[in-house]
Amino acid sequence: MSGPSRSGAVAVIGRPNVGKSTLVNALVGAKISITSNRPQTTRHRLLGIATFPGGQLQLVDTPGIHGEQGKRSGKAMHRMMNRAARGALEGVDAALLVIEAGRWDDEDALAFDALRSAGLPVVLAVNQVDRIKDKAALLPFLADTTRDRAFVAVHPVSALKRIGLDDLVKTLLDLMPEGEPAFGEDEITDKSQRFLAGELLREQLMRQLGAELPYATTVEVEKFEEEPSPKAGVLYRIDAVIWVERDGQKAIVIGKGGERLREIGRRAREQMERLFDAKVFLQTWVRVREGWSDDEVALRALGYRD
């Protein structure tokens with residue numbers, strides 16, 4: 001006989017680039033949060049809805065909590081992302097701290113301290129264990145990491161390879177209050193398709209451009225229209241602007257003869273069609289807005305929120 005249904009919210013917290021978004025996508029079963037190997041890929045707070053036979057988890061994916069070192073985005077964006085990450089701790093039932101297997105540094109400690117001060121039960125997910133060839137080496141690392149830190153449970157996982165996720169879900173559901181799911185079984189996020197389209201385009205900017213330039217780019221979806229399609233059933237017409245901060249950056253995004261921009265658009269369109277299960281007609285433009293990443297008014301106009 002199955003137990004009562006449980007439903008609640010979990011803040012997914014950690015320093016940048018530990019795989020939080022990959023883990024949320026794996027638990028939800030769909031790509032709702034963009035990923036890349038660049039730190040600070042996630043800039044917005046996003047809710048992933050994961051429904052299981054035993055209940056539902058509302059996973060709050062956040063920008064990485066990070067200190068002053070190594071920040072590349074503008075100061076205003078840096079502050080806004082940190083506020084969004086810390087704001088995710090309000091009104092949740094538990095927290096999932098995600099770290100990289102074999103590594104614990106000052107930013108991990110910063111994230112843990114934020115959770116401890118919030119008084120939340122904390123589950124530790126040690127991600128990317130598939131990269132550790134000598135699994136015995138994990139034991140002393142886990143012992144050191146958990147010493148003098150109160151975790152409800154510790155789960156070695158691989159979000160990419162889907163290792164250890166069933167046990168992690170069971171632990172998280174056990175921490176949730178009894179109750180009916182807050183969202184329908186077919187719902188996977190609280191964000192609109194328009195928002196997701198912009199994020200999928202920004203993901204390709206993060207993936208296709210050099211190490212520094214993505215932090216000076218953002219995406220604004222100016223048009224998102226749905227119309228019937230005789231062949232595909234549904235066609236989405238999407239117009240999107242890629243904002244940069246200098247003319248030289250605009251030239252880099254466009255590339256020789258527009259080749260790079262076409263490739264970025266093609267890959268983003270393919271991801272949109274996969275997620276929306278529909279045909280997509282995507283048009284992109286690159287425009288300059290100086291200093292947008294260090295201007296809170298500009299950030300809010302472009303859709304950024306605390």
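Colleague: How do the axes of helix α6 and helix α8 cross?

Modeller: Helices are DSSP runs of H or I with at least four residues, strands are runs of E with at least two, and both are numbered from the N terminus. Axes are lines fitted to C-alpha atoms, for helices over the stretch in contact, with angles from 0 to 180 degrees between N-to-C directions. Here α6 (residues 193-208) and α8 (residues 259-276) have axes that come within 9 Å and cross at roughly 140°. That makes α6 oblique to α8, since angles under 35 degrees count as roughly parallel, over 145 as roughly antiparallel, 65 to 115 as roughly perpendicular and the rest as oblique.

Modeller: This is a predicted model, in which local features need pLDDT of at least 70 and side-chain atom pairs count only at pLDDT 80 or more, while totals for chains, interfaces and linings use all residues. Residues are numbered from 1 along each chain as its sequence is written, and side-chain values use heavy atoms, leaving out hydrogens and water.

Colleague: Which residues make the contact between α6 and α8?

Modeller: Contact means heavy atoms within 4.5 Å. On the α6 side the residues include L196, L200 and Q204, and on the α8 side they include I264, R267 and F276. By class, the contact has ten nonpolar, four polar and three charged residues. Here Ala, Val, Leu, Ile, Met, Phe, Trp, Tyr, Cys and Pro count as nonpolar, Asp, Glu, Lys and Arg as charged, and the others, Gly among them, as polar.

Colleague: How many salt bridges does the count come to?

Modeller: A salt bridge is a side-chain nitrogen of Lys or Arg within 4 Å of a carboxyl oxygen of Asp or Glu. By this rule the count is 20. In helix α8, R266 and E270 lie four residues apart, about one turn of the helix, and their side chains form one of these bridges at 2.8 Å, N to O.

Colleague: Is E273 buried or partly exposed?

Modeller: Buried means under 20% relative accessible area, exposed over 50%, and partly exposed in between (1.4 Å probe, protein chains only). E273 is buried, at 19%. Its salt-bridge partner R269, at 3.4 Å, N to O, is partly exposed, with 24%. E273 and R269 are both in α8, four residues apart.

Colleague: Which residues do salt bridges with shared partners join into one network?

Modeller: The network consists of R15, E100, R103, D105 and D108. The side chains of E100 and R103 meet at 3.8 Å, N to O, and R103 is partly exposed at 39% relative accessibility.
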